[in-house]
Amino acid sequence: MEEWRTLPWSELIRRAGESGPQFILGYLGMLRRHRLPPDRIQRYQDRRFEWIVRHALRHVPAYQAERHTVGAGVHGAAGLRLLERFPVLDRWTVAECPERFVAVNARRFAPKLRRTGGTTGKPLMLYLDGCTRALWNMAVLCWMQWAGWRPGDRSVVFRIRYGYQPGSSGFYTPYLVARSRRELFLNAARLDDHH
């Protein structure tokens, strides 16, 4: 119970507004799981990954041809070893035919279009489902806390704006200030001799 009192409740509530009402329960589950013994963490990761692979093979057009090769043995305890059977893709393949990599049932997962930072070449447009957006938000909060950050602390964030939304302002801006969060964001995608 002591741990509940030390949680960053104001930040959890703020992020739940961005990521949905299940955010707080998901965050608590994430905290609980990271303290599990390594073998239990591995089993959890294997189960989650197998679910992702089964979903891709059933619903993503680009993987329909791979269904027989990759899909054999998915119901066993293959876990992350399934990656060995998946075709290697580069960003250009995805960029050429992005619609082939969108699940036919994607709408049920509340996808939102986002853009990668493009630090290794052309930025990619992709969809992130509600669960992925919430998980990213949870992970960022955990990283910040592990680094000693507490709600209300001033901070400087130096990274690419994960999940940048097309059409929103700020992607090409070298820095942004979020006064209410006491945060200075330095845009790693805008690194050059002038910034």
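I count two strands as paired if DSSP finds at least two bridges between them. Helices (H or I, at least four residues) and strands (E, at least two) are DSSP runs, numbered from the N terminus.

**Entry 1: ground rules**

I am working on a predicted model, where local features need pLDDT of at least 70, side-chain atom pairs count only at pLDDT 80 or more, and totals for chains, interfaces and linings use all residues. Residues are numbered from 1 along each chain as its sequence is written, and side-chain values use heavy atoms, with hydrogens and water left out.

**Entry 2: the hairpin**

I looked up strand S4 (residues 175-178) and found it paired with S5 in the antiparallel sense, over 4 bridges. Which residue of S5 is the bridge partner of Tyr-175? I found Leu-186. S4 and S5 make a hairpin, with 4 residues between them. In the turn, Arg-182 has a positive phi of about 55 degrees.

Next I checked the faces of S5 (residues 183-187). Glu-183, Phe-185 and Asn-187 sit on the covered face. Leu-184 and Leu-186 sit on the uncovered one. I noted the general rule: in a regular strand, side chains alternate between the two faces of the sheet.

**Entry 3: the salt bridge**

I use this cut-off: a side-chain nitrogen of Lys or Arg within 4 Å of a carboxyl oxygen of Asp or Glu. How many salt bridges does the structure hold? I found 1. Asp-39 pairs with Arg-43, and their closest N and O atoms are 3.4 Å apart. Both residues lie in helix H4 (residues 38-59), 4 residues apart, so about one helical turn separates them.

Asp-39 is partly exposed at 45%. Arg-43 is partly exposed too, at 43%.

**Entry 4: helix H2**

I listed the buried residues of H2: Glu-11, Leu-12, Arg-15, Ala-16 and Ser-19. Why do they line one face of the helix? Seen down the axis of H2, they fall within an arc of 140 degrees. That arc is taken from the directions from the helix axis to the C-beta atoms. The face turned away from the buried side carries the exposed residues Ser-10, Ile-13 and Gly-17. H3 and H7 are among what covers the buried residues. After H2 comes Gly-20, with a positive phi near 105 degrees.

**Entry 5: the cores**

A nonpolar core here is a set of buried Ala, Val, Leu, Ile, Met, Phe, Trp, Tyr and Cys residues joined through side-chain atoms within 4.5 Å. The largest has 15 residues, and Leu-7, Leu-12, Phe-23, Tyr-27 and Met-138 touch the most other members. Helices H2 (9-19), H3 (23-33) and H7 (130-146) each supply at least two residues of this core. H7 gives the largest share, 6 residues.

I then followed Tyr-27, with contact meaning heavy atoms within 4.5 Å. Leaving aside neighbours within four places in sequence, its contacts include Leu-7, Pro-8, Leu-12 and Met-138. A second, separate core has 11 residues, including Phe-49, Val-60, Phe-86 and Ala-103.

**Entry 6: two single residues**

Is Asn-137 buried or exposed? I found it buried, with a relative accessible area of 9%. Asn-137 is in helix H7. Leaving aside neighbours within four places in sequence, it contacts Arg-15, Glu-18, Ser-19 and Phe-23.

Last, I checked Ala-110, in the loop between helix H6 (91-96) and strand S1 (112-115). Ala-110 is not a glycine, yet its phi is positive, about 50 degrees. Ala-110 is partly exposed, at 43%.

Methods: Buried < 20%, exposed > 50% of the residue type's maximum accessible area, 1.4 Å probe, protein only.
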